[in-house]
Amino acid sequence: MAIYYPIGKVSLPIRQLDELRPSLAVRVGVLGLGCTEMFTHFAAHLEGRYGVRAGFITFNLPRLVSALLDAGLENPIVCSSINPVGFQMNPSREACEETVDTQPFTPVALSILAAGAVAPQTAADDLGSHTKVRSAVFGASHQSPTHEQ
């Protein structure tokens, strides 16, 4: 059974994960479909019901920040890859860094160690060059990426 969420003129089926075959990956790109009103509804719901600001995660920072600002969200919180080697920074490292440095949003850095390709001190120095970045999400599957070699 599918659950449908109406978005403007589009009705998207949302299936429970256990209904999907394990080998099938399904991703609905709200941004790619141009359904930016979902962002404003989501943000309004979280603020109204829980008194918190919405946060968004993306692999295309410039495009999402532009869409959120165009949708009328003020200073949105956006988590995206920010690292000195451009790992998962789309469409390019330069475009992402320009967005971080010039657009009115709250950036949260993700993939700061670029899957182990960047030493912690190098990552910290890179983050320090972006004065608006005050938060980072960090995760490691084992201890070695967290220590300088």
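Modeller: Phe 39, Phe 42 and Phe 56 form one aromatic cluster. This is a predicted model, in which local features need pLDDT of at least 70 and side-chain atom pairs count only at pLDDT 80 or more, while totals for chains, interfaces and linings use all residues. Residues are numbered from 1 along each chain as its sequence is written, and side-chain values use heavy atoms, with hydrogens and water left out.

Colleague: How many aromatic pairs does a search of the whole structure find, and why is the pair of Phe 39 and Phe 56 called edge-to-face?

Modeller: The search finds two aromatic pairs. In one of them, Phe 39 and Phe 56 have their ring centres 5.5 Å apart and their planes at 85°. Rings of Phe, Tyr and Trp (its six-membered ring) pair if their centres lie within 6.5 Å, and planes under 30 degrees apart count as stacked, over 60 as edge-to-face and the rest as tilted, so this pair is edge-to-face.

Colleague: What makes this pair tie together parts that are 17 residues apart in sequence?

Modeller: Phe 39 lies in helix H1 (residues 37–50) whereas Phe 56 lies in strand E3 (residues 55–57), so the pair ties together parts with that separation. Helices (H or I, at least four residues) and strands (E, at least two) are DSSP runs, numbered from the N terminus.

Colleague: Why are the rings of Phe 42 and Phe 56 described as edge-to-face?

Modeller: Their centres are 5.8 Å apart and their planes stand at 70°, so this pair is edge-to-face. Phe 42 lies in helix H1 and Phe 56 in strand E3, so the pair ties together parts that are 14 residues apart in sequence.

Colleague: How do you know whether Phe 39, with a relative accessible area of 11%, is buried or exposed?

Modeller: Buried means under 20% relative accessible area, exposed over 50% and partly exposed in between (1.4 Å probe, protein chains only), so Phe 39 at 11% is buried. Phe 56, at 9%, also counts as buried, whereas Phe 42, at 38%, is partly exposed.
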